[in-house]
Amino acid sequence: MSAPVPRTVYLDNNATTAVAPEVFEAMVPFLTEHYGNPSSSYDLAKHSGAAVTQARERIAALIHCDPREIVFTSCGTESDNTAIWSALRTTGKKHIVTTQVEHSAIHHFGEALEHQGYSITWLPVRNDGTLDPAEVADAIHDDTAIVSAMWANNETGVLFPVEEIASICKKKGVLFHTDAVQVPGKVPIDLQKVGADFLALSGHKLHAPKGIGVLYIRQGTKYAPFLIGGSQERERRAGTENVPYIVGLGRAAELAAENLIDEQTLTRARRDRLENELARLIPGTHLNGHRTERLPNTSSLWFEGVEAEAILIGLNRHGIAASSGSACTTGSLAPSHVLTAMGLSPAQARSTIRLSLSHLTTDAEIDYALGVFPALIAELRAAMPKSLSPAR
Ligand code: PLP
């Protein structure tokens, strides 16, 4: 018999989250007895239709909007692509304003659009990862279809001033989309205050399954669908609804609202303890991003003289899951576009790891990680050839 696999100390909640037991429980009946297609007219189907309606209401309650403004999609990426695509189609304009630090769901889609002849202004960020809203105002011109700026960065957790950006866009008569995939359950989302026209969410970042997303479309916003076919989602997104996952996301939205205070107090305190202790115990540890204008669960740290990939392999050996600030592209390790946009050198970016907690992270897990890190970093530094180790 093989040895039992120890529970992973999971510090990668910005990559994905564990499905909450309550979410799983809510989904099961819709994978078994309640399998009707919500578009059918018999009782079995009505049950599915009612569950989708309830989930829509629950998500609307979390983000303070009208349930009719919620469209279910397959993921955050689809929601992001759709918002931009719709703006280009409905306005007929050819220019997009976005930032240099967006997730690839916007970043790579924008690059693909550039190849098709659209023009993009990629706004820079300050060294602490924050965005100056005046840059947004300056970049908008007559041919601008949409501004897309993320609410919270997935690598650093840095928050953008979305309320201010939305009001600039409104004054200039330009659509505004925000990728809020990393936000729910960590920071309140109030669409009565933030006047965005579009907003993207993704289930698997808030303890629902992977493969379900939301696109919020403000009532009255001109809209052109990305997927065309059946009349689901009031003709805004064709394709039979993924009822079990929609139900799961609805339940996850309720839990996100309930856990918000814990995330902002307990999770923040655990994150801060981890971060401060690492800085105290390991010389040459640096925080990336604004210290306070940041999600309460995220810590992006770079360690002098060590490659992030080596740290991650070492952490994995000790049963700790985390990720690096680097994106692996075609076999070569490219430094993160987010970190280099913030002024980090490629070497500093390659020495960065991201630790992201959730309300499920325990004090014991933080203690365990704090026990592992100092010896691991010392071991890796000692193994580094003197000629390669950077000057302190
Ligand atoms: N936007 C941000 C900020 C993200 O962090 C992610 C996922 O990592 C996405 C978009 C894409 O979401 P999905 O994986 O549901 O396509």
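Helices are DSSP runs of H or I with at least four residues, numbered from the N terminus. In this predicted model, helix 3 provides the largest share of the shell around the ligand, with three residues.

The shell comprises 13 residues, of which Thr-77, Asp-179, Gln-182, Ser-202 and Lys-205 come nearest to the ligand. By class, seven residues of the shell are polar, three are charged and three are nonpolar. For Thr-77, an N or O atom of the side chain is 2.6 Å from an oxygen atom of the ligand. For Ser-202, the corresponding distance between a side-chain N or O atom and a ligand oxygen is 2.6 Å. In the case of His-103, a side-chain N or O atom is placed 3.2 Å from an oxygen atom of the ligand.

Aromatic pairing was examined next. A pair of aromatic rings is described by the distance of the centres and the angle of the planes. The structure holds two such pairs. In one of them, the ring centres of Trp-85 and Phe-226 are 6.0 Å apart and the planes stand at 75°, so the arrangement is edge-to-face, the angle being over the 60 degrees required for that class. This pair links distant parts of the chain, as its members are 141 residues apart. Trp-85 belongs to helix 3 (residues 76-91), whereas Phe-226 sits in the loop between strand 8 (213-217) and helix 7 (232-235). Trp-85 has a relative accessibility of 24% and therefore counts as partly exposed. Phe-226, at 34% relative accessibility, also counts as partly exposed.

The other pair is formed by Phe-303 and Phe-373, with ring centres 5.9 Å apart. Because the planes of Phe-303 and Phe-373 are at 20°, the pair is stacked; the limit for this class is under 30 degrees. Phe-303 is part of strand 10 (residues 298-303) and Phe-373 is part of helix 12 (residues 363-383), so the pair ties together parts that are 70 residues apart in sequence. The relative accessibility of Phe-303 is 0%, and this residue therefore counts as buried. Phe-373 likewise counts as buried, at 0% relative accessibility; the cut-off for buried residues is under 20%.

Conventions: Residues numbered from 1 in each chain as written. Predicted model: local features only at pLDDT ≥ 70, side-chain atom pairs only at ≥ 80, totals over all residues. Heavy atoms only, no water. Phe/Tyr/Trp six-rings, centres within 6.5 Å; stacked < 30°, edge-to-face > 60°. Helix = DSSP H or I, 4+ residues; strand = E, 2+ residues; numbered from the N terminus. Buried < 20%, exposed > 50% of the residue type's maximum accessible area, 1.4 Å probe, protein only. Near = heavy atom within 4 Å. Polar contact = N/O pair within 3.5 Å; in protein donor to acceptor, adjacent residues only side chain to side chain. Nonpolar A, V, L, I, M, F, W, Y, C, P; charged D, E, K, R; others polar.
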